[in-house]
Amino acid sequence: MLIGREPELALLRKGLSKARVVTLTGPPGIGKSAIAEALASDEAADIAGAAPPLFVALGAVEKAAGLVAAIAAAQGLPAPRVATPESSFPALARALGGDPQQRRASLLVFDDAEAVVGPLAALVVLLRRSAPWIRVLVTSRERLRVDAETVIPVAPLGLPEGDADVEALAEAEASRLFVARAEAANARFRPTPENAAAIARIVRYLEGVPLAIVLAASRAGVLDVAQIEAMIREHIDLFEETGRQVPARQRTLGRAIAWSWNTLTAGERSLLGRLSLFRGELDLEAATAVALGPEGRDRPRRERDRDRPRRERDRARVAQELEALHDRSLIEAVATAEAEGAPMRYRLLGIIREFVAERLETSRGRAAAEKAFVAHFASGSGTHDFRIEGTSSFSVANREHAVSIALRQHDDARAAQIVLSLGPWFLARGPYARYDELLGTVLGQAKKVRPKVKGELLLMRGITRIFSGARNAAMRDLREALALGDAATRVHAMSKMGMVLGLGGHIEKALALLGKAEAQLPKLGRPDIEGRVFKDAANVLSEAGESSVHDYLVRARACFERAEEPREVAFVELLLAGRYCDEGRVREGRRACEAALVRFAEVGDARSPAWTHTLLGLLEQESGAFELARERFDQALGVARTVGDAHTEALILGLTTGLALERGDAYGASLRAGGAAVALQAVGDDEAAAHVTGMLGVAQAELGHTKAASAAFRRARRMLPEGGRAARREALDLFSLALEVERAKREERIDAYWSSISHQDGSRSGRSEEVRFAWRVLRRLSGAPNAAAVAQERTLTVGAEGTWFAVDRAPRVDLSRQRVLRRVLVALLRERERTPGRAVEAATLVARVWQGERILPAAALNRLYVALNRLRERGLGVVLVRRPDGYLLDPDVALRQER
């Protein structure tokens, strides 16, 4: 029974209908034979009147004579007696073609043909000439290289994602295969909540390779899942297929790979051995560096010029050997969504890497290979460089492995260099705990690094710990970095220490430290570090409520533009959007945040969307769209937890407390507030913890727990640091009025009480977001109308076929001459009509807007982002919502269409 493989079967049928010669390629055990057998079975059942497919098993064949004998046996005939096997090919081709008048023969399948690729290719050429109506399907680790051949690589089975449960196992092909074979081996076997995670780990470890999964699952009759997992991790080739019809070279993965290994030249074996060091993807440049060793840039130029011709010849040889390994399915090409012309990338399956690594272990060249591997990933790993490298050349797994090798070889300098190069990746994408661990390993084991380098390591760990919420530990690292580092490290460390102090409410100390850092900037001449100091200063000034925040952000943006750091430019734009949020400018803030999400996706930043969704949540909450606000906060929470940003996670928990309070769910707010306050104190943000504790006081007051509310307000005031943000103190004073509001309601004098304080109402003023929120809460408690909810009542009016649109009472926006923008708007409208509240995926929008056009995926998405941004700029941004799964028109906005 074939599990999954519907895409491969569809490609196979399409290929056979056009090219007539199709070769399924792939490494041992990938499932080529199973797919071919399934297709042959379908052909036999579906095509009435046609001759049944001829299936020729070549697994035990290694010579041309065996090929002839196998074809004859498949036809039920004796092998012909000829001087040489090749001399029988013309007659054999005519016989396989069938009756030229009837042309009934439909499909010939040659299975496991890698041992006789040459003879089979010659036979297929003759067959195509004598019987062009015949379709030929070949399964092989290597293609035939004949004219009109279509090659279809077979990929591993799909894997379950995350912490899989029983339901997730049933959705993934690899786990479905494991369960089916385990049930066949043991009638009592069932996937359960207890063994589901172990099954998922097994199939992930085996990388979705069907033969490996079948061999492991077949032992379910005598072993439980935990035992199977332990044994395959000890040795991936432990199990053996004992079926009598299975050729000896295919009974274990090790034997299957060994057969391919034995067919390689000495140079190809040497290259494959060195490639087994890679734990992630590689390209020709990386393969060449590891095969030939470092370029020796420190050598005199005259020597390098003299060796250049030999080096170029060696590069060409490596390229040929790499192509040969790919052709024999020992390495696989990796599909990418990059622009056309990007370097081809490859990877080794774990089963092949393990087999080859065992041979490298005993090879005299292992030390040289590992030295070249480390040197390649250490080259160009500049310090204080926070730009994320492109995925075509950057692999975290490879660099982590290079760090472990360098430490084992006591090459401390290169270990430090490589782990520092990983900083931009982890700081932008997480998980922070993993990078903290890597830095700690190098700091603990690398005893020979220079003080300057140790300072950089400590600086990077300090920044990582700021993000993960361990502020006290971060400050210790930053102080030590300040003592050990060079001028750039010292300035950077001072800046980060100032930011930590400022976020903790110690504004004066923070600004003094940042002032010292700023004074050192002219000596450095480093626009990237200048930008970071200005950005940190802006964060602290924002906490202090200073008006100079905007100026510092503009200066930071200019610095990052000079330093060519698009990710930091995007983040500064987000901070500027935060100013819109603080000022209550909902429309501008929403538009800026939506644009920021697009930019972060373009530069590969997985962390900053947490802040973006948080700001969008605050903007939706202020405009009264509470459900959308909750969705945004949930999205932000998911991102923060994925990357390990404990501080942002704690802040979002506090914001969900405020959302529950504003929605009138005092009980829910009281439940959330306690945990959020503890989480904020744990990461050292006492000011935010005090703010949340004030919310708890409001919730307790609304629930009638007067004493508990008073205690919460007292506790919140004690938690507020001296010199902290004035807006937080003002918000807490307003929260405390909740007790008076509730007392006035009980005494039926609320109208008079509200009139006495309503002249101070800052819910719609330019005050900070915290103060406006506190006034909105008081308005709700008093029963006064909520201005935000009234403002939320929007209407989108669209002309026939999207020729124009208008939001609320704004002037019409003419799209009659903007064909692309009109199509995008119409596609969003159609989805809104069919399923309100459901997002349209970007790929779906592309297909609808540019229907029938051939566009590279990356270029198509870029076109879409440009069109969406143009619509936002023209006024649609206030109703256009961006979610992780796509785009939609806000379901809370009234829609009117003119036909």
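Select R882 first: R882 stands opposite Y887 in β13. The model is predicted, and residue numbers run from 1 along each chain as its sequence is written.

Now widen the selection to residues 880-883, which make up strand β12. Strand β13 covers residues 886-889, runs antiparallel to β12, and is joined to β12 by four bridges. Colour β12 by face: L880 and R882 are on one side, V881 and R883 are on the other, and all of these residues are buried. Both faces of the strand are therefore covered, since buried means under 20% relative accessible area.

Next, go to D605, in the loop between α28 (586-603) and α29 (608-622). D605 has a relative accessible area of 4% and so is buried. Show the side chain of D605 and the backbone of R607: a polar atom of that side chain lies 2.9 Å from the backbone nitrogen of R607. Then display A428, R567 and F600, which are in contact with D605 when its neighbours within four places in sequence are left aside.

Two arginines come next. Select R812 and W804: the charged end of R812 sits over the ring of W804, 3.6 Å from the ring centre. Then select R555 and Y552, where the charged end of R555 sits over the ring of Y552 at 5.0 Å from its centre.

The last stops are aromatic. The structure holds nine aromatic pairs. One of them is F178 with F189, an edge-to-face pair with 6.4 Å from centre to centre and 65° between the planes. F178 belongs to helix α7 (residues 173-185), while F189 is in the loop between α7 and α8 (196-205), so the pair ties together parts 11 residues apart in sequence. Switch to a surface view for these two: F178 counts as buried at 0% relative accessibility, and F189 is buried with a relative accessible area of 9%.

Move on to F735 and F773. Their ring centres are 6.1 Å apart and their planes stand at 80°, so this pair is edge-to-face. Helix α35 (residues 726-736) holds F735 and helix α38 (residues 769-782) holds F773, so the pair ties together parts that are 38 residues apart in sequence. Both F735 and F773 are buried.

Finish by selecting F278, F373 and F377, which form one aromatic cluster.

Definitions and conventions
Predicted model: local features only at pLDDT ≥ 70, side-chain atom pairs only at ≥ 80, totals over all residues. Heavy atoms only, no water. Phe/Tyr/Trp six-rings, centres within 6.5 Å; stacked < 30°, edge-to-face > 60°. Helix = DSSP H or I, 4+ residues; strand = E, 2+ residues; numbered from the N terminus. Buried < 20%, exposed > 50% of the residue type's maximum accessible area, 1.4 Å probe, protein only. Lys NZ or Arg CZ within 6 Å of the ring centre and 35° of its normal. Polar contact = N/O pair within 3.5 Å; in protein donor to acceptor, adjacent residues only side chain to side chain. Contact = heavy atoms within 4.5 Å. Pairing = 2+ DSSP bridges.
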